[in-house]
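This report describes a single protein chain for a reader new to structural analysis. Please keep the sequence and the structure in view while reading.

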Amino acid sequence: MPMVAPHFRISFSIGENAMQFAAVLFRRILEVFTMALITILALIVILAVVFRYTGNSLVWYDEVASVMLAWITYYGAALAAVRRSHLSFSGLLLAMPLPLRKIGFLIGEVIVIAVFAAMAWAGWFVLRVMGGETLISLPWVGLQFTQSVIPVGCGLFVIGQILSLPDAWNRMVTALDVETEEMNHEIAKAQKSDAPISERAA
């Protein structure tokens with residue numbers, strides 16, 4: 001068995017820890033930002049209902065709500081990427097022998113990153129085409145700002161995919177299914193909540 005130099009192992013461990021820290025920080029920032037978007041959208045909806053009830057409908061509500069929903073979708077997708085929460089065929093992948101599993105995993109990662117990188121480039125190109133166009137109901141809000149979520153969101157998706165890659169690789173190698181782990185965690189929480197108080201304390 002070939003020997004691995006100690007300094008190489010230390011450097012690899014430091015690099016992996018740095019990636020994990022960056023992934024956690026990236027996830028926390030996206031969580032706060034996405035929750036802020038959801039809160040703002042909820043407040044806008046409530047405000048629109050109140051104004052419509054009083055007979056003074058907000059002319060900008062439909063456009064702004066649509067934009068907010070798109071922003072939540074793209075930034076939420078980036079958050080799901082770093083958390084590896086998107087729908088996947090993990091059961092099919094983990095059923096393969098380890099060599100084929102590694103190949104399938106790498107092919108899947110390359111395809112996902114390539115697709116979203118292409119979408120980010122296309123989104124950036126579309127922004128240049130839009131020029132000075134604005135929202136109809138809010139002429140002072142440019143479409144370049146509202147539609148910037150496409151290249152930015154896709155770029156963040158790629159970053160999240162890359163930052164979560166080491167953890168996803170380790171789970172794949174050890175045949176650890178994220179969905180099964182989450183289900184077992186929720187079952188354990190439910191069982192603990194249903195247990196008598198004396199058992200919970202223990």
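Arg-84 forms a salt bridge with Glu-109, and their closest N and O atoms are 2.7 Å apart. A salt bridge here is a side-chain nitrogen of Lys or Arg within 4 Å of a carboxyl oxygen of Asp or Glu. The pair links distant parts of the chain, 25 residues apart: Arg-84 lies in the loop between α2 and α3, and Glu-109 in helix α4. Helices (H or I, at least four residues) are DSSP runs, as are strands (E, at least two), and they are numbered from the N terminus.

Arg-84 is partly exposed, with a relative accessible area of 22%, whereas Glu-109 is buried at 9%. Buried means under 20% relative accessible area, exposed over 50%, and partly exposed in between (1.4 Å probe, protein chains only). Most residues other than glycine have a negative phi. Arg-84, however, has a positive phi near 55 degrees.

## Basis of the model

This is a predicted model, in which local features need pLDDT of at least 70 and side-chain atom pairs count only at pLDDT 80 or more, while totals for chains, interfaces and linings use all residues. Residues are numbered from 1 along each chain as its sequence is written, and side-chain values use heavy atoms, with hydrogens and water left out.

## The chain as a whole

The secondary structure comes to nine helices and zero strands. Of the 202 residues of the protein chain, 27% count as buried.

The structure holds three salt bridges. One of them joins Arg-28 to Glu-31, with the closest N and O atoms 3.2 Å apart; both residues lie in helix α1 (residues 6-53), three residues apart, about one turn of the helix. In another, Asp-167 pairs with Arg-171 at 3.1 Å between the closest N and O atoms. Asp-167 and Arg-171 are separated by about one helical turn because they are four residues apart in helix α7.

## Helix α4

Helix α4 covers residues 98-130; at 1.5 Å a residue, its 33 residues should span 48 Å, and its end C-alpha atoms are 48 Å apart, which agrees. The expected span is 1.5 Å times one less than the number of residues. Among the buried residues of α4 are Arg-101, Phe-105, Ala-120 and Leu-127. What covers the buried residues includes α3 (90-94), α5 (143-146), α6 (149-163) and α7 (165-173). Just after α4, Gly-131 takes a positive phi of about 60 degrees.

Helix α4 also supplies six residues, the largest share, of a nonpolar surface patch. The patch has about 870 Å² and is made by Phe-89, Leu-92, Met-96, Leu-100, Ile-103, Ile-107, Ile-111, Val-115 and Met-119. Patches are made of residues with over 30% relative accessible area and no salt bridge; nonpolar side chains (Val, Leu, Ile, Met, Phe, Trp, Tyr) are joined within 5 Å, and like charges within 9 Å. Accessible areas come from the Shrake-Rupley method with a 1.4 Å probe, and for residues only the protein chains shown count as cover. Phe-89 is exposed, with a relative accessible area of 70%.

## A buried serine

Ser-148 is found in the loop between α5 and α6 and counts as buried at 16% relative accessibility. Its side chain reaches the backbone oxygen of Phe-145 at 2.6 Å. Not counting residues up to four places away in sequence, Ser-148 touches Trp-71, Leu-127 and Leu-143, where contact means heavy atoms within 4.5 Å.

Notes: A polar contact is a pair of N or O atoms within 3.5 Å; within protein, one must be able to donate a hydrogen and the other to accept it, and residues adjacent in sequence count only if both atoms are side-chain atoms.
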